[in-house]
Amino acid sequence: MSFVLHLPVLMVAVPIAVAVLISVLLTFKRNIAFVLSVLTMIFCLISSLFLMVKVITEGSFVYYVSDWPPPWGIEIFIDRLSVYMLLLIAIVGLISIIYSELYIKKVLDHQKIPFYYMLVLFLIGSIVGFVISGDIFNMFIFFEILSLSSYSLVAISGDREALRAGFRYLVMGIVSSLFILLGLGFIYSVTGTLNFTQIALRVKELSDLTVIQTGALLLIVAFIIEAAIFPLHVWLPKAHGKAPAPVSALLSGLVIGIGVFGMIKVVYYILPGVYPVSFVVFFRGLISVGIILGAIFALFENDLKILLAQSSISQIGFAAIGVFFFSYSGLMGSMLQLLNHAFAKSALFLGAGAVIYKTGFRNLDEMKGIGKRMPITMGFFAIGLASIASIPMTCGFVSKYYLCLAAIKQGLWGSVGAILLGGFLSLLYCLRIISCIFFEKPDSKVEVKEAPLKMLLPLGVLAFLTIFFGVFPRAAFVLIEPGVKEILGFLR
Amino acid sequence: MLKASFSNLIYVVSMILFLIGFYAVAMRPSLIKKIIGINIMETAIFLFLIGIGNKKGGASPLVVEGIEKYVNPFPQAMVLMALVVGVGTTALALILAVRLFECENGEKR
Amino acid sequence: MNQMVSMIPITAVALPFLIGIAIFFTGKNKKLMGFLSSIAALLSLALVSALYSMLVRGNMDVCCPICFGAGFTFCFRVDWLGLFFAGITSLLWVASIPYSIKYMEMKFPDSRARFFGFFTLSAATAIGVTMAGNMLTLFALYELLTIFTYPLVVHAETPAALKAGKKYLVYLLIGEMFLLFAVLSTPEFAGPRAFAKIGLISSEIGSKMLLVLFCSYIVGFGIKAAIFPFSNWLPTVSIAPTPVTGLLHAVAVVNVGVYGIMRVILNVFGIELVRSMGVGVLLVFISGATIIYGSLMALRQDDLKRRLAFSTVDYISYPILGLALLSPTALVGGLLLLVTHAFLKLSLFFCAGAIDIQTGKTKVSELSGIGRRLPFVSTCFAIGSLGLIGMPLTLGFVGKWYLWQGPMETGQPSAMGVLIAGAILCAFYLLYVVYVLFFKQSNVDFVCDLQLNWTMLFPIGAGVLMGLVFGIFPKGLLLLVNNVTMCYFGG
Amino acid sequence: MFFQFVLLATIILLPLFGAGLVYWVSSKSAMLRNYLAASLTIVTLILTSILYCFSKGEAIVVGYPFLSFAEIRFSINPMSALLAFLTAFIWTAATLYSFTYLKSSSNQGRFYAFLLLAFSANLGVFLAGNFLTLFIFFEILGISAYPLIVHNEDKKAFKAGAKYLVMVFLGDIALLMGILLYCKVTGNIDFATGIKGTSEYIKFIIFALMGIGFGVKAGVIPFHIWLPDAHPVAPTPASALLSGVMIKVGVYGIIRSLFSIFGPEQSSIVVGSIVIWVGIITMLVAVFMALLQENAKKMLAYHSISQMGYIVLGVGCAAYLGVEGALALGGSMYHIVNHALFKSCLFLTVGAVYYRTGELNMYKLGGLVKKMPIVAFCTLVASLGISGVPLFNGYASKTLIHQALAHLGHGGWVGLVNVLFIVTCGGTIASFIKLFTLVFLGRAPKKYEKVKDASSSMLVGIMALAIMVFALGIFPGRFWTFFILPLLKHLGYTGTALSSIRTVNILTLHDIQSLVISLAVGIFIFTVGTRYGLFHLRFPRWFGVNYWFEQFALGVYFLLHEESHLIEMHTSRATREIKEMIAKKGRSTEALIEGESYVLRSLIFISKRHVKKIYLRVETYIVARANYIIKSLWSGFLAKTYRSLSASETKKEFNLYIEDLNFSIFLILFLLVLCFVSIKLIG
Amino acid sequence: MKKFIVIVLLVLVGLFLLLAVSKMPIMGDPDSPTNAIATSRYIAKGPQETGCNNLVSAIILNYRVYDTFGEITVIFVTLTAALAILGREKAGEGVSPLKVSPSPLVSTIMIIYIPFFIVFAFYVAIHGFNSIGGGFQGGVILASVLVIYALVFGYDEAVRKFPPKRRILFEGLAPLCFVVVGFMSILAGTNFLNLNFSSVSHFRNFLTLILEISLGLTSGVAIASLFYILKKVERE
């Protein structure tokens with residue numbers, strides 16, 4: 001069993017190594033990139049499954065990279081929640097890479113294809129690195145790789161809007177990474193170490209909390225930008241809207257989730273209980289406004305992918321608000337929401353990609369009545385929409401249920417109203433799309449065939465997963481429940 | 001407040017430099033000026049980090065016989081790596097800026 | 001109250017559900033689709049009767065809990081009240097299948113697989129709601145019902161249908177928002193035993209909070225039961241195909257709303273708590289207002305189906321009024337009127353559909369002289385409306401007999417006044433249609449072929465026949481209804 | 001017991017299923033339908049007569065437990081058997097009569113079907129054992145009579161039919177309320193002999209509710225409005241049955257309810273006097289309205305209302321006197337039978353005249369004695385019967401009721417009651433003299449020279465009724481002992497009360513004296529009326545109850561119906577007519593009355609219109625406001641503001657994109673400040 | 001107006017930051033938390049454990065070598081991003097001749113000095129152990145040499161001299177070295193990237209040297225090829 005200990009680091013190193021290998025092998029074989037990336041992703045999936053088994057049986061464990069103990073070396077901290085995230089990353093990553101084989105051939109021109117796969121592998125490797133790292137500076141570096149590769153992936157298609165969106169995303173991203181660095185500096189100056197558990201211990205002895213608060217606040221603001229929560233969400237609609245479909249699936253599914261996961265780490269791991277009540281109340285208010293506004297903007301958007309991006313803003317708001325309830329069901333809700341959002345939203349983006357791949361329609365009113373001519377894709381698309389709209393029997397319902405329960409238990413009527421209204425509005429725009437796709441008569445007489453099997457399979461798997469976790473949420477609880485209890489243990 | 005901040009002059013200067021950089025990013029219309037603003041902010045943070053590791057009368061972290069007090073080497077290593085990150089981000093920003101410039105001026109690829 | 005764990009409730013819901021999904025894929029051959037939907041209906045009827053036999057054999061409820069996770073349990077449990085509603089819905093579902101197959105063949109021939117798929121799914125969910133064990137399952141299936149009925153409303157895919165669908169959605173989803181809030185803030189709603197205990201809510205919650213809870217429950221379920229302020233969606237939805245307005249919007253969906261309110265008052269709050277909270281008067285006022293509003297508006301509608309839809313709004317408030325009076329006889333009367341409404345309103349809607357198909361007439365003013373053209377359909381319409389009004393020898397009279405005793409016992413003159421006004425107005429707007437059908441001279445003599453084969457006529461006749469038969473021999477039905485009331489008042 | 005069980009079931013169910021059979025057969029062949037209808041009625045007549053012989057002793061109660069929820073129970077007692085037999089007899093006469101009368105009219109199948117349905121309902125009401133059965137058949141009778149009234153399907157028929165249906169329906173609701181209250185108070189729904197243990201007030205309310213329910217059908221004054229409209233419109237056999245038998249159902253109901261609520265022992269002065277006064281007013285007003293009519297059927301309709309007044313008067317005396325009221329009740333029961341006979345005979349004769357001449361207006365007819373001798377003779381017999389001339393059945397029952405009045409004691413108002421009684425008898429005599437002289441005596445206008453006598457089948461019905469009128473007139477004593485006494489015993493009168501009225505002597509000096517006075521009054525009214533044309537006096541429209549009911553109904557109709565143009569049309573027409581009236585100043589005071597009534601009506605409409613407008617405005621306001629909010633949420637103005645915010649693509653200016661970028665950086669700064677503020681200042 | 005608001009906000013943020021800064025431990029005092037904990041190990045046992053006196057490169061190449069691995073991937077990601085977005089520059093032949101020929105003075109000096117610069121670059125890279133320097137610093141100097149060459153002798157001349165095909169190998173060198181070393185340490189039983197996994201005495205120094213050189217080479221070549229890509233010329 002000792003080899004399993006190395007798996008987390010390998011999950012970081014292997015994708016990066018393969019990416020570099022692709023660039024080196026580029027001169028001889030052109031189309032090796034897709035095969036290699038699929039293999040690496042399969043490796044990641046298998047290793048995350050192994051890790052899951054180990055963590056479930058023996059609980060979380062610590063791994064010192066290059067054998068130096070924490071205050072000096074870098075420590076990798078694997079607990080149930082990070083394994084849960086790894087699983088998510090592996091699944092979504094594998095699926096979007098399989099999906100992107102056909103899509104990329106059509107969208108990007110020939111030379112760029114291997115670079116696309118390299119960037120995707122970097123993205124996934126860095127996300128894994130970010131999730132498992134136990135050291136803030138290490139987290140910063142992987143955060144950097146993560147955002148660099150996502151900027152370039154957004155701007156890869158090369159048309160004007162994508163570039164603009166990429167640049168805006170870049171500037172926001174750079175500012176957030178600088179905030180992390182600054183925050184890191186403050187925390188280091190006061191605690192002397194960069195390791196999560198060490199910091200948590202030292203913070204308890206600190207008398208004056210102002211420095212550590214500013215440091216932690218800067219970190220949180222950085223993650224707000226990353227997770228596109230309300231006031232700083234301006235870059236997301238264009239970035240995810242204009243990026244190629246598999247990329248926006250990855251971004252919406254994982255990268256935003258990482259933002260929330262980072263927030264959870266900062267709030268629960270490093271600095272539990274450092275915050276005055278007023279800040280938490282202010283922040284919850286901000287996020288609830290975000291939920292409602294995101295849904296309202298989604299209500300009026302015409303371009304399908306931008307609409308889905310808008311809905312990501314409000315959906316991620318759901319996950320973020322769960323974090324700030326500091327209660328058992330709140331965290332359960334936000335974890336489930338991450339799962340739901342990863343699967344359902346990537347299914348939606350891949351579905352939209354399939355439509356664009358086949359017909360080139362981007363606007364909703366061009367897509368009237370497409371449900372009849374592409375029944376299977378639109379069927380899976382509808383399942384994804386149902387999960388976003390938190391219809392019962394989908395895992396969206398389970399997450400909204402827990403979030404609402406947490407809010408009501410603590411008597412936070414403001415956030416209860418926001419969650420309910422957000423749910424209602426998300427139901428509205430989902431059903432608006434469904435009515436537009438299925439029930440309206442198409443005006444243009446363009447002949448449309450069903451999407452190819454290679455695209456349908458990933459879509460089907462994602463749709464199946466949303467339904468599966470909706471009907472049998474116990475499967476998800478096995479991982480989440482003990483993990484949430486662990487985190488809450490830190491809080492005490 | 002004042003006495004303490006006088007002794008931490010380096011930090012105060014870095015904070016002000018950081019805000020100047022921020023102002024450039026937030027206000028300047030041209031992309032290149034924004035990238036320059038980003039660099040200013042980076043340098044401000046590096047100054048701040050180095051300042052944290054400084055020890056009065058400590059020598060640079062090259063171990064030589066006869067000297068006991070050394071400056072804390074960790075922030076310097078952190079700065080070195082952050083520098084390379086800075087290079088990466090600025091390079092990507094420039095790439096995008098160049099590409100944007102070409103697109104805006106109608107130069108089809 | 002010994003509890004027998006059996007899988008029948010869950011199969012009663014799951015099997016039709018799966019068949020419904022299967023129907024989606026029978027796009028091509030129509031026969032298979034018709035066969036499957038009738039199988040689903042018959043299956044649910046058989047399972048409901050199996051449940052009836054189990055309940056009759058003494059054990060009070062049949063529960064089969066399916067716990068999915070910490071605190072998040074779906075469980076199904078059948079007791080008399082649930083069985084009563086499930087019985088009505090499944091019985092009428094079977095009756096409406098032949099009609100809908102023929103109707104869709106004639107009126108909306110395209111994309112029928114989708115129609116019958118959603119039709120079966122929504123009917124299955126309507127039955128499922130009545131078998132929910134705790135409030136969470138009830139809410140889940142309740143929301144699914146809205147979602148499944150939406151495609152049926154917009155089946156015609158005309159702009160008007162889409163607008164109606166939009167309004168339908170907005171109304172019901174707002175309702176569900178309130179309901180979710182209420183469901184989650186009732187302290188012990190989860191767990192398989194939720195509904196078994198009567199008076200779920202112990203009174204340690206503050207009285208203000210109790211009131212808020214009660215109001216949000218009533219709003220949540222009331223929107224689907226089309227009570228006064230929120231009843232606007234029912235008439236606009238009447239433009240949907242007749243089987244949908246007939247089975248779903250006149251029977252299944254509104255019954256679910258009424259069922260919900262009954263569960264809330266009888267199980268969740270318990271009668272003593274409701275009486276002590278003094279909320280019964282509020283409910284009486286609301287249902288009275290709905291009766292008056294529904295019937296007044298029905299008088300003014302020229303379109304036949306809109307008129308029947310408004311009469312649904314009016315008639316569905318009788319059981320709620322019966323419930324609000326918190327007396328056993330009133331509840332018995334309310335439940336009987338619910339059954340009358342289910343049977344007769346279904347056949348009335350199907351008559352309207354048949355007339356629409358045969359003569360293409362939908363306006364009441366154009367119906368003059370149809371009595372001679374379509375004798376069977378018009379006589380069924382006449383008998384059905386007489387039944388609804390509460391003529392003797394019909395089930396309506398039996399229900400009216402018991403319901404009118406309610407206000408006398410509890411001494412609420414206002415309720416009595418509402419009942420009288422309701423009876424009069426109901427007579428006016430239904431008999432006017434009968435008068436136009438039979439007696440008004442038709443100036444234009446239009447020729448229409450009379451071939452309405454038996455599949456259309458059978459459900460119409462069956463509904464009216466059941467109204468009459470139960471009217472003359474109501475002993476069996478009374479036994480069932482008394483069982484329901486005994487659970488709450490007797491025990 | 002089993003024989004009665006089957007007998008009763010056949011009596012009720014035979015006509016019921018027969019109706020369906022007839023309707024089905026009528027589409028096949030007319031002849032078969034006529035025979036079927038006739039045979040069904042005759043069989044039922046025979047069965048009811050068989051039934052009568054069972055009703056001698058104690059009342060036999062036959063229950064059908066398996067049927068309705070409470071208990072459908074019939075009882076065979078002298079009273080119900082007598083009335084059932086009477087119904088069957090008149091029904092056969094009318095059916096035979098209607099074969100020829102309706103030969104030419106359309107959709108006869110429907111007429112005969114509903115005729116039979118009404119027949120079975122009527123029998124059901126008379127034979128009912130408890131209030132539930134009574135109510136069931138009462139309501140079926142009400143509904144099934146509607147197609148009979150609107151048989152001719154012209155505009156006036158529908159108006160009258162609508163009014164009838166509304167009145168009956170409201171009556172039924174009141175009756176159901178009364179029955180439910182009765183059931184609540186006594187615990188069961190059987191005919192008891194007086195409720196014990198509840199306060200006087202509740203008993204009064206129950207009787208009032210039931211009284212309204214039965215009063216509508218009986219045509220008592222405030223609810224009589226539908227009768228005069230229904231009769232001229234309905235075909236003659238229907239109106240004969242309507243006034244002959246269906247009205248009796250109402251009175252039977254009043255008697256039943258009175259005796260099960262108050263019972264013979266507890267005489268309640270208050271209720272008795274009220275019923276007496278209602279009877280008196282009905283008699284008086286109806287007679288004078290009858291005098292004013294020129295349409296024969298309308299005149300006969302008003303007369304049947306006044307005869308109902310007699311019966312209600314008798315019932316009132318019985319209630320007032322309590323135990324000694326047996327005589328009064330006997331008299332009213334006797335009068336019910338008499339009135340059924342001579343009134344249906346009169347209607348059939350007038351019908352025959354109409355069948356032949358096609359004219360109902362008495363002033364346009366005359367001199368038909370020579371042309372229609374038998375019809376004239378029968379009308380004479382029936383008229384004498386109704387006027388209360390000795391040797392004819394009317395005299396016996398009127399004098400009995402008159403003697404009962406004498407028992408009332410010597411209060412001030414008793415004298416007034418006697419005077420009014422005699423005046424109404426006089427009025428009846430006058431109107432029937434008028435009928436006979438105008439229609440049969442005098443010169444026959446030239447158009448009616450070739451008129452033949454009524455056809456044989458019509459005459460059979462008329463002759464049978466005339467013979468019964470004459471027979472009962474000759475042997476009143478035998479009828480009294482054989483039918484009325486067992487009936488009174490059934491109703492609960494004890495031995496002592498019955499012994500005093502075992503034999504009734506109706507030829508006392510006092511009776512002869514009152515008969516002569518009433519004859520004189522009658523002749524006097526007739527001569528003065530014809531001389532000075534008083535019979536053409538027309539009261540202003542708003543005088544009668546009828547007018548107010550129509551206004552209320554029309555107002556409700558306009559309030560609820562879409563056709564708002566109807567309102568404009570009505571009010572504008574009213575104002576136009578007022579102008580014309582004033583322009584033609586030459587007209588007499590009547591014009592002014594007419595004009596002024598129009599103003600009144602237009603005022604009512606205007607107020608209604610405003611009410612409607614307010615109602616519409618409020619409703620549209622709420623709906624419009626809700627729509628606006630939903631629309632704006634869904635498709636509307638928020639989208640525009642958002643699109644302008646991120647307009648960089650559309651506008652294609654690069655600097656706008658930069659501006660947008662700066663704005664997002666600015667947002668970061670703004671959030672940072674907010675966070676710091678929330679931590680530092682408030683924390 | 002917008003300018004005014006931004007300035008006000010900046011001042012506010014500055015105020016808060018300064019408040020935080022004032023609360024920080026005074027710069028330079030020996031017993032501040034940063035100096036007490038971490039430095040004790042680095043300074044005391046640093047040279048023995050890692051074998052290099054320059055503590056900064058000790059931290060970079062031994063204590064936190066995982067971060068350096070992250071470091072070099074950042075550079076490589078930027079390079080791939082450039083290739084993805086802008087695409088490789090064209091191979092040398094007469095792509096964009098220098099508009100003005102290099103002045104003889106500059107070209108001759110450059111011809112003489114460039115080899116020395118390259119040697120100096122390698123010296124700096126290699127002597128990261130006990131002298132100021134290290135992988136990155138050497139790489140940067142190398143990059144500057146390549147850039148100067150292009151500036152002086154014309155861009156296409158430089159590209160022809162050092163064509164893209166050959167540069168690929170150098171670019172991919174460092175990440176691959178790190179991964180290979182990491183795998184070797186795992187195979188040897190210790191954790192990922194643990195340099196002193198083998199018993200042979202100075203093997204650790206040898207490994208650090210290899211890492212040092214690969215770092216230098218990759219960073220230098222990567223930054224140079226970034227420059228070549230960015231320069232405004234036709235691209236494939």
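## Where chains A and B meet

Chain A brings 23 residues to its contact with chain B, and chain B brings 22 residues; two residues are in contact if their C-beta atoms, placed from the backbone, lie within 7 Å. On the side of chain A that touches chain B, helix 5 (136-155) and helix 6 (160-191) each supply at least two residues. Helix 6 of chain A gives the largest share, 15 residues. Helices here are DSSP runs (H or I, at least four residues), as are strands (E, at least two), numbered from the N terminus.

By type, this side of chain A has 15 nonpolar, five polar and three charged residues. Ala, Val, Leu, Ile, Met, Phe, Trp, Tyr, Cys and Pro count as nonpolar, Asp, Glu, Lys and Arg as charged, and the others, Gly among them, as polar.

## A note on the model

This is a predicted model, where local features need pLDDT of at least 70 and side-chain atom pairs count only at pLDDT 80 or more, while totals for chains, interfaces and linings use all residues. Residues are numbered from 1 along each chain as its sequence is written, with chains lettered from A and ligands numbered from 1 in the order in which they are written.

## A helix pair in chain C

Chain C holds 19 helices and three strands. Helix 3 (residues 80-106) and helix 13 (residues 328-359) of chain C pack with their axes 11 Å apart, at an angle of about 0 degrees (axes are lines fitted to C-alpha atoms over the stretch in contact, and angles run from 0 to 180 degrees between N-to-C directions). The two helices of chain C are therefore roughly parallel to each other, a label for angles under 35 degrees.

Their contact divides into 13 nonpolar, two polar and no charged residues.

Note on methods. Parallel < 35°, antiparallel > 145°, perpendicular 65-115°, else oblique.
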